[in-house]
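My notes follow the structure.

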Amino acid sequence: MDKRQFIKTLSLATLASPLYSGAFNNLFENVPPNELAKNDDFWSKIRSDYILKPDYINLESGYYNILPRPTMDRLMEHIQMVNYEGSYYMRTVQWENKRRMREKLANVVGCAPKNIIITRNTTESLNMVIKGLNWKEGDEAVFAEQDYGAMKLMFEQVSKRYGMVNKIISVPNHPKSDEEIIEIYSNTITPKTKLLMICHMINITGQILPVKKICQMAHEKGVQVMVDGAHCIGHFEFKIEDLDCDYYGSSLHKWLAVPLGTGLLYVKDEHIDNLWPIFAEEHLEPGDILRLNHTGTHPVYHDLSIENAIDYYNMIGGARKESRLRYLQKYWTSQVRNHPNIVVNTPKESFRACGIANVGIKDMEPSVLAKRLLDEYKIFTVAIDSANVQGCRITPNVFTLTSELDVFVNALKEMAS
Ligand SMILES: Cc1ncc(COP(=O)(O)O)c(C=O)c1O
């Protein structure tokens, strides 16, 4: 078998091998997502696709999502194949394969392939935009104190370098309406504002912002909007094009469960030629987004795993996954929301949150809460103590069972009483 044939055979084998839960999944074909969300038999089967550490209940899937075995197995095959092929792989099908991954990804995120590139993560995607704009002294940017640190640091750096000005707002944990949030951003925009950064989902609370409405308001004032969607792709269903934002960055190793070090940047057509890329690229045709995608040599097998992660995601079904994650969040938050000593920092309305929520206990530091959860109840979470959020971020996953959340709710109630 020649080398080209070998690569072809391997990728066909990859396509042909059944997903672990695939056949079982067919039994539930006609069950509506909101019904299936409550069916622990189905989700137990999905759980069996994972190798879970028995030492604790993992309620911290926010940093990254561990891989189910079907994706992990494919990743190992890709590593072996690339290592076998060596430079031959890099010089023959590397770019063609990456193009295929972009096409598959564009289909999942709801935009044209010509508007996205594969990056390493959200940090790289959004820093490229912040750093790559033509800032002039006195230009302004608006973002929130609840936004992610790496982006805030880059805004500080460009402020020092170019004399642009950062305006920082605060998003309430329990907004009364979309209009309340829009007004906070709108009131901070001036004729000098060039860019608004907003989270699609605020990572410390899980609050989903009304992105489309904010974009509409900002565009009416001539301001571009960059969306931090680190937690959204593969978490809940939406189409980037429907949001009408100018830039969208995400990490595929979070909710799409692609191997670590894979992200995405979306750029609207009219902005592609105006950004300075992180690494300079050869001259390309105007409007070619690949001018922003010079990477140097990197772990290409991670790129190859994008389609396997998408296959796994599609096997579960986007609507089913979203329904299950929202169901799990509501399952535990609804049991503690009215407790006098427990503070849920995430909005109650279904459309303002999905799988992630944040909870604190009155008069208990978040770090103490996280430590006690781990030491006394064997529950792993992450403490958040910044802006208006004091609590632990609770992030279940498709492998989480309601019986695990029962342990968590019981722990909270015991500590709060
Ligand atoms: C809202 C938000 N933006 C950006 C990031 C950065 O993601 P990454 O480290 O994958 O670049 C995170 C990470 O948790 C995040 O929560």
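The entries below go from the nonpolar cores to the cavities and then to one strand.

**Entry 1, ground rules.** I worked on a predicted model, where local features need pLDDT of at least 70 and side-chain atom pairs count only at pLDDT 80 or more, while totals for chains, interfaces and linings use all residues. Residues are numbered from 1 along each chain as its sequence is written, and side-chain values use heavy atoms, with hydrogens and water left out.

I took a nonpolar core as a set of buried Ala, Val, Leu, Ile, Met, Phe, Trp, Tyr and Cys residues joined through side-chain atoms within 4.5 Å. Buried is under 20% relative accessible area, exposed over 50%, and partly exposed in between, with a 1.4 Å probe and protein chains only. The largest core has 60 residues, and L105, Y185, L196, I198, I214, Y248 and L264 touch the most other members. Helix α13 (residues 300–316) gives the most to this core, six residues. I read helices (H or I, at least four residues) and strands (E, at least two) as DSSP runs, numbered from the N terminus.

I then looked up I214. Leaving out residues up to four places away in sequence, I214 touches I181, I182, Y185, L196, I198 and L209, contact being heavy atoms within 4.5 Å. A second, separate core holds 25 residues, among them W332, V359, L405 and F408.

**Entry 3, cavities.** A cavity is a set of points on a 1 Å grid over the protein atoms alone where a 1.4 Å probe fits but cannot get out; lining residues have an atom within 4 Å of a point. Grid points are joined across faces, edges and corners, and a volume is the space filled by probe spheres set on the points. I count three cavities of 30 Å³ or more.

Of its 13 lining residues, Y50, W255, A257, Y312 and K321 are the closest to the centre. Helix α13 gives the most to this lining, four residues.

The second largest cavity holds about 50 Å³. Its lining includes I117, T119, E124 and M128, and β2 (116–119) and α8 (122–132) are the elements that give two or more residues to it.

**Entry 4, strand β2.** Which way do the residues of β2 point? I116 and I118 point one way and I117 and T119 the other, and all are buried. Four bridges join β2 to strand β8 (residues 263–267), and the two run antiparallel; strands pair if DSSP finds at least two bridges between them. The bridge partner of I117 in β8 is L265.

Terms used:
On a 1 Å grid over the protein atoms alone, a cavity is a set of points where a 1.4 Å probe fits but cannot get out, and a pocket is an open set with protein on both sides within 12 Å along at least five of seven lines; lining residues have an atom within 4 Å of a point.
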